[in-house]
Amino acid sequence: MSKSLALLALLIPLVAAADDSAAGATPYLALYQVLAPARSIRAYDRLVAVERVQSKSPDVRAQDIRITIRARRGAIAVPVAADGSVDFPADENLQTENPPVETNQPKGSLMLSVHAALRLPDALEMPWSEVETGLRQAEELFAKTPGGSAEGAKPRGVEILFAPGESASVTLIGKSERLLQADADGRILVTRDMVVESEQPRLKFSRRARRMLPYVGE
């Protein structure tokens, strides 16, 4: 089970769109304010913001969730990826208009979270020093985020994510080489303890990862 850190995770009362009426729908600005941590992440050069939505029901797949912003210029569909990632538009016109936002899921059944991910390298190899810089930036960010689920937490390493079932590996290169294979969920953990005695360690990816998250474990 993932132990990556969410800066903020809240239930959002999006309402199911039974007709063309916007009565009772969630105002756009309410979601915009919930996603404020995503904007603060942009101040860090080794971090990127990941917005995710998921259902409280394990039977609902992320790609089955539909979210629509009922703007005056027309309905704006917010795509939800298979892993729940979303990218809510944040332009000034929508902030001024504050349109209703609807979903096809029952009210109060969705969880909206903001994660700070480490920036992936352009190549298939990166020095661990870049990972450390990202982890230190994440620690600073978590310490500045009051009320977030990650407040005060210190990452032990990184959780590298590939597609579930994908044949993928990461080689930790230092004094010697250590090959780490992705599990069935496409997940590889690399902790700070693994590299503490290595000289100029680096990570070599067998393929491009989907995401790299700060990791907290017991």
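User: What share of the 218 residues in the protein chain is buried?

Analyst: Buried means under 20% relative accessible area, exposed over 50%, and partly exposed in between, with a 1.4 Å probe and protein chains only. In this predicted model, 47% of the 218 residues are buried. The protein chain exposes about 11,500 Å², an area from the Shrake-Rupley method with a 1.4 Å probe. Carbon and sulfur atoms supply 49% of that surface.

User: What ground rules apply to the numbers?

Analyst: Residues are numbered from 1 along each chain as its sequence is written, and side-chain values use heavy atoms, leaving out hydrogens and water. As the model is predicted, local features need pLDDT of at least 70 and side-chain atom pairs count only at pLDDT 80 or more, while totals for chains, interfaces and linings use all residues.

User: Where is confidence lowest, and where is it highest?

Analyst: pLDDT is the predictor's confidence in each residue, from 0 to 100. Where pLDDT is low, the predicted coordinates should not be read in detail. Here the protein chain has a mean pLDDT of 84, and 84% of its residues reach 70 or more. Confidence is lowest in strand 2 (residues 15-16), with a mean of 46. It is highest in strand 15 (residues 202-205), at 97. Over residues 15-23 the pLDDT is below 50. Beyond near neighbours in sequence, that stretch has 13 contacts in the model, a contact being heavy atoms within 4.5 Å.

User: How many helices and strands are there in the protein chain?

Analyst: Helices (H or I, at least four residues) and strands (E, at least two) are DSSP runs, numbered from the N terminus. The protein chain has five helices and 16 strands. Take contacts between residues at least 6 apart in sequence: 76% join residues at least 24 apart.

User: What is the strand order in the open sheet of four strands?

Analyst: The order is 10-15-12-13, and the pairing is antiparallel. Its edges are strand 10 (125-127) and strand 13 (177-181), each with a single partner strand, so one side of each is left without a neighbour in the sheet. Four bridges join strand 12 (residues 169-173) to strand 15. T171 has K204 as its bridge partner in strand 15.

User: How do I check the helix itself?

Analyst: An α-helix has 3.6 residues a turn, so residues three or four places apart point the same way. In helix 4 the buried residues include W128, V131, L135, A138 and F142. Helix 4 has 16 residues and reaches 23 Å from its first C-alpha to its last. That is close to the expected 22 Å, where the expected span is 1.5 Å times one less than the number of residues.

User: Is A143 buried or exposed?

Analyst: A143, in helix 4, is exposed at 58% relative accessibility.

User: And P155: buried or exposed?

Analyst: P155 lies in the loop between helix 4 and strand 11. P155 counts as buried, at 2% relative accessibility. Leaving aside neighbours within four places in sequence, its contacts include L135, E139, R192 and Y215.

Definitions and conventions
Two strands pair if DSSP finds at least two bridges between them.
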